[in-house]
Every structure is written in C-alpha cells, then in structure tokens.
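Please prepare a briefing on the fold, helix packing and backbone details of the protein shown below.

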Amino acid sequence: MDRTEGTTPAEAAAEVAAQDAPAPEGEGKRRRRWIRRTALAVVLVLLVPLLAVLTALRINYTGDPADGTRTRDRDALWLGHAWVDGRKKDADVTALARRLKDTGIRDLYVHSGPLEHDGTLPKSVYPKARWFIEAVHDKIPGVRVQAFLGDVLASEDSEGMLLNDPDTRAAVVRSARQVLDTGYEGIHLDLEPMPSGDRDFLTLLDSLRRETRSRDAQLSVAAHQIDPLPALHTVFGLFTEHPKWWSQKFFGQVARRVDQIAVMSYDTAQPLEGTYGGYVAQQTSLALEVTPPSTDLLMGLPFYYESNFDHWGHAETVPAAVRGVRLGLSRTDADRARFGVALYIDFAATEADWRAYKEDWVG
C-alpha cells in the first residue's frame, strides 16, 4: 500500500520536506568523525606494514661485513650489443682491457641477440662476434666471452616467445649451438618475465646444459629476485602479469641446472640506500641458502642510473649494493668460493660506479 494514501497534499509536502532537511548538527559531526577515523584506519593498515618492512630492511643493513668478503675473481660484466655489431674497434678493446685490469671480472656477457620469438637467431645480428672473442683472448687473457641471449616471453596481452612449444625450445638449443660454433665460451640466457615454477624453462635448461657440457662451455642465467616475504610472487601475480619474484625453491631448481646464476638485484623500488642495501643483503642470503656449492652465484650491481618508481637512482647505488652483498655473504656463507658480483651494464656505468666496485668489493 502507498504510504501517502489518505494524506492531504499539504501533509505529503511536509513529509517530503522533513526527509530532505539537513541532519541535526550533532549527527553531521558524528558522520565527519566516522569518515576521518575510517580514512585514518585505512592509512594505518597500509602504512604500518610498509614501515615495518622498511625498518626491518634498514636494520638488515647494519653491522660490519666479515673480513675476506671481497672478490673471489669470479665476477662478470654485462656488455651491450655494440661489441659484436661492428661499432666497437680495436682501440675499444684495449680500453676495456685497461678497465678490467686488477679487477675480479672473469666473464663477459655480451649481448648477441635478441632471439626471435620462435627461438632462432639470425647470424647477421652478431657479425663481429668472432673478432671480439679473439681480441679479448689476445688483450685480456683468462677472461671468457659468453653470448648474452634473451627474449620477451609471451603473455595473454603481448606477443613473445612461447616456451611451452617444444619446437621453440629446440630452436633455442640450436641457436646456442650456433653461437658456440662461432667461438663463444658460454651461453648467458635472459628470458623475461619468467613465472616462478615454470617447468618448460627447467626443461630448456636441461637441454642447454647437455649441449654446453658436451663442449666444455658455460651455461649461465639472469635470475629474478627471490620472494622477500613468503609466497609474495603468488600474491603479486593476482594483480599483475609480470612475475617480479621467484620462490626460493624455484630459484634453487634453476641454480642446480646451470654453471652460473646472476641475480638481477636491482629495480627494487626501494626508496633509500639503507633499505636497498638491506634488501640486497636479504637477497644474497636467500640465494646462498639454495645455490649448490658447484654453481657460481653472482649478485647484480646497478651500473646505471634511473629515477622512477621501480628504480630510485639515489637509493640503488653501487656502494649500497656491495655493502649489502658483503653483509649477506658474511651472515650466510662467508667462506663460499664460487661467489661474485655481476655489473649491469658497461655503456651506462660511470667512473663513480667503477670506483665503488674496485674500492668496496675488489679492495
């Protein structure tokens, strides 16, 4: 029944006016207090855990590294494509030799791709590779040259390599064989974004390892960071298609299949040097716990400057990274022999980056 039935027009108008009248002053104040308290509660729910994490990372950056936590002469340097496409000359190799003198760098990961999405690699991409390899052997004896190969993996919204295709994986192995025939002493693989637990990636690594072992060559990979909090990669995957982290278990599965594993321990979104260094210390410890003694573990150093949400240049510095590496090494396995750092990347590095690496790590 219509609640206005039987009322006069004047009574109905009065009722509508009463409904539209402003709330009493006391009720309005209570509503505003409730809104403010709710907003404050939301901020605290978001802010308190964040501050707790940042505080824990800053504490992780405290203390003194153990004596002897310096280079083991197993460091690596990522090099840009210019070294194998014809842009670099003999004088550049001579300058590189001077740069690497009295450092711990033993491996050069020279960008020689990218791979095609089907796993193939045109030889035209690296026309000066043999020249560069021979020049390094002549001017920097004892340093190995590995082919840095990579590609973007396909997702639901983008094109890329499909690792679940056996033909694609077979083509990647043929491409590895092709560059090893050119004279490279190893394969350095960087496929991103790589989901944690990807069985097709492990299958590919098994096939590549058989190929490199048959030639006494190296197999190395660029690895995602490890979950700083339990199962964070799973939670992160609910909101984004980019798998930022690997589980510690998956990291160990990858590490057992390669000769070298280099952690991309940069682009961390850490806002301060202290929290970034503490994060690197944590990553170093987590990686050491699951990397077998027979595998070289390398922690990446940011030899470049950017300033954005993923990488704050004022925070992600080489001194902070090196101190973090030394602290993690000191706490977890200070005497580990097969350990080093990897410098990313040559063409973006500054003199300050090189000086910090030499003073703080090489010593």
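How many aromatic pairs does a search of the whole structure find? The search finds 14 aromatic pairs, where rings of Phe, Tyr and Trp (its six-membered ring) pair if their centres lie within 6.5 Å. This is a predicted model, in which local features need pLDDT of at least 70 and side-chain atom pairs count only at pLDDT 80 or more, while totals for chains, interfaces and linings use all residues. Residues are numbered from 1 along each chain as its sequence is written, and side-chain values use heavy atoms, with hydrogens and water left out.

**Barrel**

- Eight strands close into a barrel with parallel pairing, in the order β1-β2-β3-β4-β5-β8-β9-β10, and from one strand to the next the twist averages 25°.
- Strands here are DSSP runs of E of at least two residues, helices are runs of H or I of at least four residues, and both are numbered from the N terminus; two strands pair if DSSP finds at least two bridges between them.
- Strands of a sheet pair through backbone hydrogen bonds, either parallel or antiparallel.
- Four bridges join strand β5 (residues 218–223) to strand β8 (residues 260–263) in the parallel sense, and A222 has A262 in β8 as its bridge partner.
- Helix α8 (residues 248–255) lies across β5, β8 and β9 (296–302) and runs at about 140° to β8; axes are lines fitted to C-alpha atoms, for helices over the stretch in contact, and angles run from 0 to 180 degrees between N-to-C directions.

**Helix packing**

- The axes of helix α3 (residues 90–100) and helix α4 (residues 129–139) come within 10 Å and cross at roughly 45°, which makes α3 oblique to α4; angles under 35 degrees count as roughly parallel, over 145 as roughly antiparallel, 65 to 115 as roughly perpendicular and the rest as oblique.
- On the α3 side the contact is made by D90, V93, T94, L96 and A97, and on the α4 side by W131, F132, A135, V136 and K139, with contact meaning heavy atoms within 4.5 Å.
- By class, this contact of α3 with α4 has seven nonpolar, one polar and two charged residues; Ala, Val, Leu, Ile, Met, Phe, Trp, Tyr, Cys and Pro count as nonpolar, Asp, Glu, Lys and Arg as charged, and the others, Gly among them, as polar.
- Helix α5 (residues 166–182) and helix α6 (residues 199–214) have axes that come within 10 Å and cross at roughly 30°, so α5 is roughly parallel to α6.
- In α5, R169, V172, V173, A176, R177 and L180 meet D200, T203, L204, S207, L208, E211 and T212 of α6, and the residues of this contact divide into six nonpolar, three polar and four charged.

**Aromatic pair**

- The ring centres of Y266 and Y344 are 5.5 Å apart and the planes lie at 20°, so the pair is stacked; planes under 30 degrees apart count as stacked, over 60 as edge-to-face and the rest as tilted.
- This pair links distant parts of the chain, 78 residues apart, with Y266 in the loop between β8 and α9 (273–290) and Y344 in strand β10 (residues 339–344).

**Backbone details**

- Most residues other than glycine have a negative phi, and most peptide bonds are trans.
- G113 and P114 are joined by a cis peptide bond with omega of about 5°, and P114 lies in the loop between β2 (105–111) and α4.
- The peptide bond from Y344 to I345 is also cis, with omega near 10°, and I345 is in the loop between β10 and α11 (351–362).
- D267, although not a glycine, has a positive phi of about 55°, and D267 is placed in the loop between β8 and α9.
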